[in-house]
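This report examines the strand arrangement, the nonpolar cores and the charged pairs of one protein model. The sequence and structure are shown first.

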Amino acid sequence: MIKAVTGTKDILPQEISRWKYLEDLVRQIFSSFNYKEIRTPVFEETILFARGIGEETDIVGKEMYTFNDKSNTSLTLKPEMTASVVRAFIEHSLGKQQPLNKFYYISPMFRQERPQAGRQRQFHQFGCEALGSTSPLLDAEIIIAAYEILNRLNLKDLKVKINSLGVPESREAYKNILKRHLEVKKHLLSEDSRKRFDKNILRIFDSKVESDQEIIDNAPKLIDYIDEESRKDFEIVKELLSKNNIPFEVDAKLVRGLDYYTKTTFEIISGKVGSQSALCGGGRYDLLIEQLGGAPTPGVGFAAGIERILLACENEKTLLLPEERIDLYIVRMDSELTQKTFELASYFRKESLKVEIDYLDRSVKAQMREANKLNAQFVLFVGGEEYKSNKFNLKFMKTGEQKDYPVDNAGEIKSFILQNISI
RNA sequence: GUGAGCGUAGCUCAGCUGGUUAGAGUAUCAGGUUGUGGCCCUGAGGGUCAUGGGUUCAAAUCCCAUCGCUCACCCCA
């Protein structure tokens, strides 16, 4: 049997309603903030991600789906969206048409990692990017939008963590301070953290090793060493979040794995999705666009994992979706009337009713069982005595009431159904 | 890339220390009198017990390998 590739999943009709519910909500919220949808190709030239995300990151270093096409160009399935949006922004000179551009997206992403709870190789994210302003209003705005979406899903066990990484100059200065502080304790760190010490010292803060924790907790924090402007902006972000009733906490250890972040970073985590608790993460990236060849343009954005969010919804049982139903099931009582049934179904479908009929030449009893299973609001019986006297019989399933209608007046049946399906 | 656990009907699982035709619930299908659902009852179909090899008189059950799945680490959404 041929199965879906490791780390990929089919989304079956049964679960589609949950996806659509979330997607509709995402569109609605972003739209209320006047973000415009953008769609970019699923693959890009590899160099875009290598430059945009950073050669040293794990994503670029070991997780990308990279292949050569027939003309030997190295292509990569997008592992995240920011680089693609920025590429499109630069390519179409969108910054020249208006000074501020606000985009949102819903899209599959690809990362070759070992799957586990809340992690797949093809997964889906929604998110946004606001390009063209350094205003901390935008930092706050995207956090509020992200929180609003999760909040509307009735998720309870949420934590918003924020931090500021400052500008590169202040961060480099801090790194030296941190290096000096940790140098003497280096031999006490875990093997992974010792590697990070040389490669990307900030990542030591991500360590989950307990013995590292103590050392980390006593180390100087980046947030205390950031530049004046970053500090002021961070204060404004915190103030705006408070005024909007976003329960957040400053986490000085929140550094994030992508190279392009500056100033504000944030994460929203849930305790209900296994060990991959981050539902959402993002921050400011004021230097990325220039780095990718565009005019110097500041940006902020975030990405949220759809599978993780749905997993949290499932574990918290927060999603109360309306049960599936159809408006009308047409029961064929005599096999000679099969085409008549089909014709009637076409008529009611054109009138925007949700209609089903039998295709398996089954008994009336079987058709009724099917109608019940489909949660049909009405059943129309075609055939038998009534049909001989030019009548159809309509049954209202909820009450069991039945009534005859003349065969040449399907319009009356339609009106009656339309009047009663809203109940 | 590393580690642990698990693979028996569509789904959830039982099958004790190896013993003969592999079970249940659920789902599916057909019936429960002449043309009507939900509850209930009866019956039917459906499994090369992941695959390959080994031990044994005998393997779903023990051993090995392969594949797959799950969870965790790394990292991230």
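This is a predicted model: local features need pLDDT of at least 70, side-chain atom pairs count only at pLDDT 80 or more; totals for chains, interfaces and linings use all residues.

Strand β6 (residues 122–131) runs antiparallel to strand β11 (residues 299–305), and seven bridges join the two. Within this pairing, Gly 301 of β11 stands opposite Glu 129.

## Strand β7 and its two partners

Strand β7 (residues 158–164) is largely enclosed by the rest of the structure, because six of its seven residues are buried. On the β9 side, the pairing of β7 is antiparallel and comprises seven bridges; Asn 163 has Thr 265 in β9 as its bridge partner. With strand β8 (residues 248–250), β7 pairs in the parallel sense over three bridges. Here the bridge partner of Lys 161 is Glu 249 in β8.

Thr 262 belongs to strand β9, which spans residues 262–270. Is this residue buried or exposed? Its relative accessible area is 4%, so Thr 262 counts as buried, the limit being under 20%.

Beyond its neighbours within four places in sequence, Thr 262 is in contact with Gly 166, Pro 168, Arg 171, Arg 284, Tyr 285, Asp 286 and Leu 287. Two of these contacts, Arg 284 and Asp 286, form a salt bridge with each other, their closest N and O atoms being 2.8 Å apart. Both Asp 286 and Arg 284 are buried.

## Nonpolar cores

The largest nonpolar core contains 91 residues, and Phe 30, Phe 126, Phe 302 and Ile 309 have the most contacts inside it. Helix α6 (residues 136–152) supplies the largest share of this core, with 10 residues. A second, separate core has 20 residues, among them Phe 348, Leu 394, Tyr 405 and Ala 410.

Which residues does Ile 309 touch, when those up to four places away in sequence are not counted? They are Leu 22, Phe 126, Leu 150, Leu 153, Leu 155, Leu 279 and Ala 304. Of these, Phe 126 is itself among the residues with the most contacts inside the largest core.

## Salt bridges

Side chains of opposite charge can pair when their charged atoms come close. The structure holds 29 salt bridges. One of them joins Glu 113 to Arg 119, with 3.6 Å between the closest N and O atoms. Glu 113 is buried, at a relative accessible area of 17%.

Another salt bridge brings together the side chains of Arg 332 and Asp 361, at 3.9 Å from N to O. Arg 332 lies in strand β12 (residues 326–332), whereas Asp 361 lies in the loop between β13 (355–357) and α14 (364–373), so the pair ties together parts that are 29 residues apart in sequence. The two partners also contrast in accessibility: Arg 332 is buried, with a relative accessible area of 6%, whereas Asp 361 is exposed, at 55% relative accessibility. Both residues belong to a network of salt bridges that also links Asp 358, Arg 362, Glu 370 and Lys 373.

How values were computed
Residues are numbered from 1 along each chain as its sequence is written. Chains are lettered from A and ligands numbered from 1 in the order in which they are written. Side-chain values use heavy atoms; hydrogens and water are left out. Helices (H or I, at least four residues) and strands (E, at least two) are DSSP runs, numbered from the N terminus. Buried means under 20% relative accessible area, exposed over 50%, partly exposed in between (1.4 Å probe, protein chains only). Contact means heavy atoms within 4.5 Å. A salt bridge is a side-chain nitrogen of Lys or Arg within 4 Å of a carboxyl oxygen of Asp or Glu. A nonpolar core is a set of buried Ala, Val, Leu, Ile, Met, Phe, Trp, Tyr and Cys residues joined through side-chain atoms within 4.5 Å. Two strands pair if DSSP finds at least two bridges between them.
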